[in-house]
Amino acid sequence: MKAGFWAAPEGADEAMPVVPIGLDDVFSAGLSLRLGSLANKESEDLVRRCAGVGSLLLELAEALALQKAEEQGRLFDITDRTADERELLDQALGAGEVSGVVALPDGVTAQIAESTMAGLWRVRFSDAEDRLVGDYLEVSDIPEIVKRAAIVNARDVSFGEAPEGAMNVMPLLAEIRARVAAFTPGAKSHIVNFMLFPMAPEDMSFLQASLGEGPVGLVSRGYGKCRIHATATRHVWSVQYFNAMDEIILDTLEIGGVPVVALAATEDFHDSSERLREIHEAYFQ
């Protein structure tokens, strides 16, 4: 079992599957590679057969230009688009730095993947039999389903008697409870750095059991790898940073909204709008 607040089960790298939604990692290298991925005969044929995708890209570019990080996002339903149109969108938008999965009631899962245009997300819902039940593009700082799932059915901070051998877990849980009670939307998150806060194994085990495991798992690859997990306790997140050897170099709890490392910033939307217009101009005009 790996060290840290969130620990993968034996034999597993992740507590839940955190994967892009069928997009090749080759598309994550940026706009130049993105443009290149469309420069082949198969893609040119797709562009000719799927003229409606060009119009959709312009709508997305316009939505990105108007979006602000703190505002409600905008959804574009592509569930009923043809397989060719969705394939062309995959090629045009690519896979960006953040991906993840949200476990919903009744076995439904939402797989999310940021495109190479920061702030433009693909959100695909599948039922318990892995059948597609919804497919969306979303312009937002983080898909709304991430925010809602982390709160709906989350519990308040509660814990029992201190376990034998505990050192610091009880005052830490008391602080977490106070921080959660004082949380207001939009406020800066409070961060607990376990590298600076000594915790015995008994402390960490009790903390994990008290906070529980939530329905959201995200991976950000923007500056090294960062794994983000919602706990089952409202407004409490595990955020861990890893080096190239997949060793934890920073292990934290954040009490607040969705951790900022996973969020698109307002300036990202304008840049993404411009890049999407360049793709449209190069291949759809």
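**Side chains in contact**

Author: Let's begin with Y136, which is partly exposed at a relative accessible area of 24%; that label covers what lies between buried, under 20%, and exposed, over 50% (1.4 Å probe, protein chains only). By the way, this is a predicted model, where local features need pLDDT of at least 70, side-chain atom pairs count only at pLDDT 80 or more, and totals for chains, interfaces and linings use all residues. Residues are numbered from 1 along each chain as its sequence is written, and side-chain values use heavy atoms, with hydrogens and water left out.

Reader: Ok, and how many aromatic pairs does a search of the whole structure find?

Author: One aromatic pair turns up in the whole structure. The ring centres of F125 and Y136 are 6.1 Å apart with planes at 85°, so this pair is edge-to-face. For the cut-offs, rings of Phe, Tyr and Trp (its six-membered ring) pair if their centres lie within 6.5 Å, and planes under 30 degrees apart count as stacked, over 60 as edge-to-face and the rest as tilted.

Reader: Where do F125 and Y136 sit in the chain?

Author: F125 is in strand β4 (residues 120-126) and Y136 in strand β5 (residues 132-139), eleven residues apart. Strands (E, at least two residues) and helices (H or I, at least four) are DSSP runs, numbered from the N terminus.

Reader: Is F125 buried or exposed?

Author: F125 counts as buried, at 17% relative accessibility.

Reader: New topic: how many salt bridges are there?

Author: The count comes to 15, where a salt bridge is a side-chain nitrogen of Lys or Arg within 4 Å of a carboxyl oxygen of Asp or Glu. One of them joins R131 and D127, with the closest N and O atoms 2.7 Å apart. D127 is buried, with a relative accessible area of 15%.

Reader: What about R148 and E144?

Author: They form a salt bridge too, with 3.5 Å between the closest N and O atoms. Both lie in helix α5 (residues 144-151), four residues apart, about one turn of the helix. R148 is exposed at 52%, while E144 is partly exposed at 21%.

Reader: And which parts does the D246 and K225 pair tie together?

Author: Their side chains meet in a salt bridge (3.1 Å, N to O). D246 lies in the loop between β9 (236-242) and β10 (248-255), and K225 in strand β8 (residues 225-231), so the pair ties together parts 21 residues apart in sequence.

Reader: Which residues are linked in a network of salt bridges?

Author: R86, D90, R122 and D135 are linked that way.
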